Amino acid sequence: QVIIGNTTYHPSFGIFPRDCKWRQVSMLGGDSVLYQYWNAKAKAWQSQQPDACHPTGHTADTAPAGWDFHNGTPRSEVNCDEHACIYHNLFYNNGKWYAIVDGNT
């Protein structure tokens, strides 16, 4: 991570597609996290999300060949023990994670 003034630039990890270069940005004392994306043509960071950085979703019927949903369904699942919780099949949109349900929760 890099701190410049009251802004912290965090390294990217894990939630965007492989061809997307991005980073988290937070302000000292602030609650929100912003994202910046690398514009290779302009050689600069920008707040506008390029097409390469749009996470895509799939259902069991439209998933690419070879995809295997947890328990055969895109529905979110959580399994907890006394130390941690493990989530399967979450949906990410606009900086937030969502559970996917197809009926009663």
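This briefing describes the strands, ring pairs and selected residues of one structure.

The model is predicted, so local features need pLDDT of at least 70, side-chain atom pairs count only at pLDDT 80 or more, and totals for chains, interfaces and linings use all residues. Residues are numbered from 1 along each chain as its sequence is written, and side-chain values use heavy atoms, with hydrogens and water left out.

- Strands (E, at least two residues) are DSSP runs numbered from the N terminus, and two strands pair if DSSP finds at least two bridges between them.

**Strand E3 and its partners**

- Strand E3 (residues 22-27) is joined to strand E4 (residues 33-39) by 5 bridges, and the two run antiparallel.
- Strand E2 (residues 7-10) is joined to E3 by 4 bridges, again in an antiparallel arrangement.
- Arginine 23 has glutamine 36 in E4 as its bridge partner.
- Glutamine 24 in E3 is the bridge partner of histidine 10, and glutamine 24 also stands opposite tyrosine 35 in E4.
- Of the 6 residues of E3, 5 are buried, so this strand is largely enclosed by the rest of the structure.
- Buried means under 20% relative accessible area, exposed means over 50%, and partly exposed lies in between (1.4 Å probe, protein chains only).
- The hairpin of E3 and E4 has 5 residues between the strands, and in this hairpin glycine 29 takes a positive phi near 80°.

**Threonine 8 in strand E2**

- Threonine 8 has its place in strand E2, and it counts as buried because its relative accessibility is 13%.
- Apart from neighbours within four places in sequence, threonine 8 is in contact (heavy atoms within 4.5 Å) with Gln1, Val2, Ile3, Gln24, Val25 and Ser26.

**Aromatic rings**

- The structure holds 2 aromatic pairs.
- In one of these pairs, the rings of tryptophan 38 and tryptophan 45 have centres 5.3 Å apart and planes at 70°, so the pair is edge-to-face.
- Rings of Phe, Tyr and Trp (its six-membered ring) pair if their centres lie within 6.5 Å; planes under 30 degrees apart count as stacked, over 60 as edge-to-face and the rest as tilted.
- Tryptophan 38 counts as partly exposed at 29% relative accessibility, and tryptophan 45 counts as partly exposed at 28%.
- The charged end of lysine 21 sits over the ring of tryptophan 38, at 4.9 Å from the ring centre.
- A charge sits over a ring if NZ of Lys or CZ of Arg is within 6 Å of the ring centre and within 35 degrees of the ring normal.

**Later in the chain**

- Arginine 75 is found in the loop between E5 and strand E6 (77-80), and it counts as partly exposed at 25% relative accessibility.
- Arginine 75 and histidine 88 are 13 residues apart in sequence and 8.2 Å apart in space, C-alpha to C-alpha.
- Strand E8 (residues 90-93) runs antiparallel to strand E9 (residues 96-99), with 4 bridges joining them.
- Tyrosine 92 has tryptophan 97 in E9 as its bridge partner.
- The hairpin of E8 and E9 has 2 residues between the strands, and asparagine 94 takes a positive phi near 55° there.
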